[in-house]
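Subject: A structure for you to look at

Hi,

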Amino acid sequence: MSYAIIVGSGFEEFATAGQPQRVDTRFGEPSAPIRPVDFGGSSVLVLPRHGDRHEFPPHLVNYRANLVALQDLGAASVIALNTVGVISDVREAGQVAVPDQVIDYTSGREHTIHNTPQPGFAHIEFTEPFSGGLRARILDAASKAGVDCYDGGVYAATQGPRLETAAEVDRLERDGADYVGMTGMPEASLAMELGLEYACLSMIVNKAAGRGEKPIHDDVESSTLSARSQAMKILDAFFESP
Ligand code: HPA
């Protein structure tokens with residue numbers, strides 16, 4: 001199976017690894033050249049979602065081009081790293097989770113590959129937005145790595161790029177959301193439309209707006225290192241040969 005990892009904020013070091021491959025797709029160019037990176041002896045395609053210079057905020061990411069480019073280079077499975085704020089008390093900032101549900105609050109993003117009339121058009125079933133098999137393999141890798149990674153939770157995808165108001169987070173909680181992030185959609189549904197296996201490994205980097213004692217950016221600063229190092233341990237275990 002060929003894997004790709006879409007990395008979010010804080011993984012800029014991948015931008016210098018591997019031989020960059022430029023790809024053009026029917027939806028335009030991906031956020032950055034894609035690099036094959038060696039993980040435990042496996043070559044894995046790595047794409048920084050926000051670009052090499054972190055120039056694309058969540059609403060400007062070309063999610064369609066990113067996923068089509070990875071598929072064109074041979075990826076069948078995509079592990080999507082993203083950062084989230086935590087709403088419910090399932091987890092703390094500094095921890096990691098593999099969500100199992102999504103609520104989409106984004107708007108105005110190019111959210112489907114079906115942008116022209118197509119005979120025989122079919123609706124994807126999105127009841128389970130993430131691949132169960134890939135989620136289970138990520139969670140197995142977390143156990144192997146000795147990382148306490150939360151299994152499940154509802155990811156609320158907001159439009160950004162601003163953070164939420166406290167009242168908006170209250171509403172997300174009433175809707176049943178556990179985490180809030182800005183990139184999980186339309187990435188997950190596009191991956192499904194393309195027939196890619198897709199799951200998120202979410203790094204919890206702050207308490208959501210109105211939930212913490214300190215300013216959100218201070219929370220992010222003090223929690224990112226821990227969440228990030230746990231995510232890296234999981235990826236190392238994931239790709240380590242048995
Ligand atoms: N809200 C939205 N997106 C985020 C957050 C948040 O609190 N933290 C990290 N990404």
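Where is the kink in helix 5 centred? The answer is Ser223, where helix 5 bends by about 45°; the bend at a residue is the angle between axes fitted to the seven residues ending there and the seven starting there.

A word on the ground rules before the rest. This is a predicted model, in which local features need pLDDT of at least 70 and side-chain atom pairs count only at pLDDT 80 or more, while totals for chains, interfaces and linings use all residues. Residues are numbered from 1 along each chain as its sequence is written, and side-chain values use heavy atoms, with hydrogens and water left out. Helices (H or I, at least four residues) and strands (E, at least two) are DSSP runs, numbered from the N terminus.

Buried residues (under 20% relative accessible area, with exposed over 50% and partly exposed in between, using a 1.4 Å probe and protein chains only) in helix 5 include Asp219, Arg228, Met232 and Phe239.

Helix 2 (residues 132–145) packs against helix 5 (residues 216–239) at an angle of about 105°, and the two axes are 8 Å apart. That makes helix 2 roughly perpendicular to helix 5. Here angles under 35 degrees count as roughly parallel, over 145 as roughly antiparallel, 65 to 115 as roughly perpendicular and the rest as oblique. The axes are lines fitted to C-alpha atoms, for helices over the stretch in contact, with angles running from 0 to 180 degrees between N-to-C directions.

Which residues meet there? From helix 2 come Leu134, Arg137, Ile138, Ala141, Ala142, Lys144 and Ala145, and from helix 5 come Lys233, Ile234, Ala237 and Phe238. By class, this contact has 8 nonpolar, no polar and 3 charged residues. (Ala, Val, Leu, Ile, Met, Phe, Trp, Tyr, Cys and Pro count as nonpolar, Asp, Glu, Lys and Arg as charged, and the others, Gly among them, as polar.) Leaving aside neighbours within four places in sequence, Lys144 is in contact (heavy atoms within 4.5 Å) with Ala237 and Glu240. Lys144 and Lys233 are 89 residues apart in sequence, with C-alpha atoms 9.4 Å apart.

Ala208 sits in the loop between strand 10 (197–207) and helix 5. Is Ala208 buried or exposed? Ala208 has a relative accessible area of 1%, so it is buried. Beyond its neighbours within four places in sequence, Ala208 touches Gly85, Val86, Ile87, Val169, Val180 and Ile216. Glu164 is 44 residues from Ala208 in sequence and 7.8 Å away, C-alpha to C-alpha.

Helix 1

Helix 1 (residues 63–72) is largely enclosed by the rest of the structure, because 8 of its 10 residues are buried. Those buried residues run from Tyr63, Arg64, Ala65 and Asn66 to Leu67, Val68, Ala69 and Leu70. They pack against strand 1 (3–7), strand 3 (42–48), strand 4 (77–86) and helix 4 (184–193). Just after helix 1, Gly74 has a positive phi of about 110°.

Backbone points to check

Most residues other than glycine have a negative phi, and most peptide bonds are trans. His54 is not a glycine, yet it has a positive phi of about 55°. His54 lies in the loop between strand 3 and helix 1, and at 39% relative accessibility it counts as partly exposed.

There are cis peptide bonds to look at as well. One runs from Gly160 to Pro161, with omega near 0°, and Pro161 is in the loop between strand 8 (154–157) and helix 3 (166–175). Another joins Met185 and Pro186, with omega about 10°; Pro186 is in helix 4.

One more loop

Gly153, between strand 7 (149–151) and strand 8, counts as buried at 11% relative accessibility.

Best wishes
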